[in-house]
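This report describes the packing and side-chain contacts of one protein model. The sequence and structure are shown first.

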Amino acid sequence: MSQENVEIVKTAHPPSGTELTALFADDSGASDRLVATGPLFHPSFEFEAHGAVANTLRGRGLPELVDAWREWMEAFDVYWTEVEDFLDAGEDQVLVILRDHGRLKGSDAEIKQVGASLWTIRDRKVARIDFYPSREQGLAAAGLRE
């Protein structure tokens, strides 16, 4: 079942290099993504961002996730991620280690950060995603070691 969970997350996760500011810039890009991945998400899907620049962010459902990403993207001209690894984190969890890249509006400097997201699978669907600002925090949350 664990490898199956990894495959579910690989399918649901945006591919490496996807320019997320463009994806979430208008309703058509976000809607297309929701139509394509929506069946992979559990009806009671929820998410939480831990240790974000702002207060902890929580929500339920894919439309709220899209709204949260749009709000996050407002500060950036460009933002994309590159997946380093999909790690089996046990019976019902997959840890995604990723490298974030972005350029804030009005700046030429690129921001880089290695973060993680912990995906929980229930009934062969994504039930929850927890976002962490560092690889170490993601590994700790998943009960894994470097």
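The model is predicted, so local features are reported only at pLDDT of at least 70 and side-chain atom pairs only at pLDDT 80 or more, while totals for chains, interfaces and linings use all residues. Residues are numbered from 1 along each chain as its sequence is written, and side-chain values use heavy atoms, with hydrogens and water left out. Helices (H or I, at least four residues) and strands (E, at least two) are DSSP runs, numbered from the N terminus.

**Nonpolar cores.** A nonpolar core is a set of buried Ala, Val, Leu, Ile, Met, Phe, Trp, Tyr and Cys residues joined through side-chain atoms within 4.5 Å. Buried means under 20% relative accessible area, exposed over 50%, and partly exposed in between (1.4 Å probe, protein chains only). The largest core has 25 residues, and those with the most contacts inside it are Leu-20, Phe-41, Phe-45, Trp-69, Trp-119 and Val-126. At least two residues of this core come from each of helix H1 (2-12), helix H2 (20-23), E1, H4, strand E3 (76-88), strand E4 (93-104), strand E5 (110-122) and strand E6 (125-132). H4 supplies the largest share, 6 residues. Apart from this core lies another, of 8 residues, including Ala-89, Ile-97, Ala-116 and Tyr-132.

**Helix H4.** The 12 residues of H4 (residues 62-73) should span 16 Å at 1.5 Å a residue, and the end C-alpha atoms are 16 Å apart, which agrees; the expected span is 1.5 Å times one less than the number of residues. Leu-62, Leu-65, Val-66, Ala-68, Trp-69 and Met-73 are the buried residues of H4. They lie on the same side of H4, because they cover an arc of only 160° around the axis, taken from the directions from the helix axis to the C-beta atoms. Pro-63 and Glu-71, on the other side of H4, are exposed.

**Aromatic rings.** The whole structure holds 6 aromatic pairs. Rings of Phe, Tyr and Trp (its six-membered ring) pair if their centres lie within 6.5 Å; planes under 30 degrees apart count as stacked, over 60 as edge-to-face and the rest as tilted. Phe-41 and Phe-45 have ring centres 5.0 Å apart and planes at 80°, so the pair is edge-to-face. Both Phe-41 and Phe-45 are buried. Ring pairs also draw in Phe-47 and Trp-119, forming a cluster with Phe-41 and Phe-45.

| Residue | Relative accessible area | Class |
|---|---|---|
| Asn-5 | 3% | buried |
| His-42 | 16% | buried |
| Arg-60 | 55% | exposed |

A polar contact is a pair of N or O atoms within 3.5 Å; within protein, one must be able to donate a hydrogen and the other to accept it, and residues adjacent in sequence count only if both atoms are side-chain atoms. His-42, in strand E1 (residues 41-49), makes one of 3.4 Å with Asp-123, side chain to side chain. The side chains of Arg-60 and Glu-46 are joined by one of 3.1 Å. Arg-60 belongs to strand E2 (residues 57-60), and its C-alpha atom is separated by 5.8 Å from that of Phe-45, 15 residues apart along the chain. Asn-5 is found in helix H1. Leaving aside neighbours within four places in sequence, Asn-5 is in contact (heavy atoms within 4.5 Å) with Glu-91, Asp-92, Val-94 and Ile-121.
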